[in-house]
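Here is a friendly walk through the structure shown next. Keep the picture open while you read.

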Amino acid sequence: MTTLLEISGLTKQFGGLTAVDGVTFSMDKGEVVGLLGPNGSGKTTVLNMVSGLLPPTRGTVMLNGETLTGLSPNRIALKGVARTFQLVRILPSLSVLENVVAALAFGRRRLWGTVARDEALARLEQVGLADRADETAERLTYIDQKRMELARALAADPAVLLLDEWLAGLNPTELRIGIDLVASLGERGVTVLLVEHVMDAVRALCGRCVVMNAGKTIADGRTADVLADAEVVRAYLGAEHA
Amino acid sequence: MNAKAIAAWGIAAAVLVALAFAPSYLGPYGIGLMIGIAGYVTLATAWALFSGPTRYVSLATVAFFGIGAYTVAVLSESLPYPLVLLAAAAIGLVVALVVGLSTLRLAGVYFVIFTFGLAELIRQLVTWYEVNVTGTLGRYIFLDLGPEDIYWQLLALAAVTLLLAWWIGRSRIGLALKVIGDDEVVAAHCGIDIARVKLALFALSAVIITLVGAIQAPRWTYVEPAIVFNPTISFLTLIMALLGGANRLWGPLLGAVPLFLLFEWLSANFPNHYSIILGLLFIAIVFVLPKGVLAFTEKLWKRGRAR
């Protein structure tokens, strides 16, 4: 396996608060890695720095040996990083189809016209939204908006996909479908970094997990080992359970 | 192209031809009105090109309009007319690029205030220059252009502007603008170079507005900063685009025609209360029809059909 994404010494300070403190880990091509940790431990901030939404205070992010740090989010997107957001971000006034076409028209493939339409429909089919392609995005339910957001991220044809609690709020049936979907991405060679609190999904999807607490990495290894780690249990449940 | 599209293009072409022959069946007053309407239709459509999808409310319309008019006033005696227009467009473009590069990072109300300030700044600069360097405040424009010539130029510019707006609405850059208007974070993560798209549209819109000012300038004969940099022009353009709907191709046009006629009637009949009525109308439109008449009727139509 070759290393695809390499995060080293990544640090973010908001004034006096160090939200992320020297996070270092790397991901191989096609790996599905869980980024875990209690609320406020800095997981989303790490994703934000990888996608370019926030500039890091220190540290670097490399993709395929190329430095992403310091690039604007649109340049990073063109290098092959796509994401979903913790609080789903849709383009409310556009149609569901246009929401996906947006990623095709300006992304790495620069598709337009009927080619883009067909491709967008295929991505919507993949998340089960093809029959609602011509509706206005704001009319979708929250779950469907999440699906659409994933279709948009997939349309970008990413090398690395960042999912920020994408499985949160799904019912058991939807969760099953969602897990299968993410698993199929990993099989197709997409590298997935997912921030997730749904532990069933983490166990089913992630061969490896990185755990953060208070901005620092406290564990990195096989999922089963990491979840049994005394420090991880302490971070999640408190000292008396360790 | 299907039959419906051909019919639409046919009607548009027929209307354009009918409008082009307007001077042969309208009197001088009618032509005066048509010049005003063509001017404001172009201004409102050009304004909406940039401000409609991005929701950046610009009050800099008159800055560019005035630059166009002043360029004509300064250069009309030393350069042939087509070159004067080109020079005006070039100056408008340069100013738009400089202003755009420095301000498009501002958002919301900061952008509104900056653009308003910009128009005032340019007016004061021109005034200062004229008083201290050339020594005279006003300038005369002696160009051998009749009202028909001005009308035809404006009509052509209006048609070109609408054609551009139509093309942009269907093009990739049009989608980029809509995405930016909805959510800039998503736009950036889709790979859109936000600053470049905004700058391109701001510059295009500004160049058209500059040309409107340049073409209309000979109508005044006498030009001074207080006339060509009158902020009312910015406000009228804005309110016309908003009334019709700044996100629709025909929205600004549908707002500009009735409002121009209304203002014309108001200024003739209530010259002393004109500004007050204008202000009230402005408030009413923003409150009652925030998305414009077109979107409003569409909503009514949909609701009617849903029953």
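Domain bounds here come from an automatic or database domain assignment. On that basis, chain A splits into domain 1 (3-80 + 158-241) and domain 2 (93-157). Taken over C-alpha atoms, the centres of these two domains of chain A are 24 Å apart.

Before going further, a word on what you are looking at. This is a predicted model, in which local features need pLDDT of at least 70, side-chain atom pairs count only at pLDDT 80 or more, and totals for chains, interfaces and linings use all residues. Residues are numbered from 1 along each chain as its sequence is written, while chains are lettered from A and ligands numbered from 1 in the order in which they are written.

**Where the domains meet**

Ten residues of domain 1 of chain A touch ten residues of domain 2 of chain A (contact means that C-beta atoms, placed from the backbone, lie within 7 Å). On the domain 1 side, α2 (73-79) and α6 (172-187) of chain A are the elements giving two or more residues (helices are DSSP runs of H or I with at least four residues, strands are runs of E with at least two, and both are numbered from the N terminus). That side has seven nonpolar, two polar and one charged residue. In this count, Ala, Val, Leu, Ile, Met, Phe, Trp, Tyr, Cys and Pro are nonpolar, Asp, Glu, Lys and Arg are charged, and the others, Gly among them, are polar.

**The sheet**

Chain A also has an open sheet of four strands, in the order β2-β1-β4-β5, with antiparallel pairing (two strands pair if DSSP finds at least two bridges between them). At the edges sit β2 (17-28) and β5 (66-67) of chain A, each pairing on one side only. Here are the pairings:

| Strands | Bridges | One facing pair |
|---|---|---|
| β1(A) and β2(A) | eight bridges | E6(A) and S26(A) |
| β1(A) and β4(A) | five bridges | L5(A) and L63(A) |
| β4(A) and β5(A) | two bridges | L63(A) and E66(A) |

The hairpin of β1(A) and β2(A) has two residues between the strands, and G15(A) takes a positive phi near 60 degrees there.

**Helix α3 and its neighbours**

How do α3(A) and α4 (residues 114-126) of chain A cross, and at roughly what angle? Their axes come within 9 Å and cross at roughly 115 degrees (axes are lines fitted to C-alpha atoms, for helices over the stretch in contact, and angles run from 0 to 180 degrees between N-to-C directions). The two helices are therefore roughly perpendicular (65 to 115 degrees; under 35 is roughly parallel, over 145 roughly antiparallel, and the rest oblique). Their contact has nine nonpolar, no polar and three charged residues.

Across the chain boundary, α3 (residues 96-106) of chain A meets α8(B), with axes within 10 Å and crossing at roughly 120 degrees. That makes α3(A) and α8(B) oblique to each other. Residues in this contact include V101(A) and F106(A) from α3(A), along with L175(B) and V179(B) from α8(B). By class, the contact has seven nonpolar, no polar and two charged residues.

**Chain A against chain B**

Overall, the two chains touch through 21 residues of chain A and 15 residues of chain B. On the chain B side, α8 (172-182) and α9 (184-189) each supply at least two residues. The largest share, six residues, comes from α8(B). Chain B's side has eight nonpolar, two polar and five charged residues.
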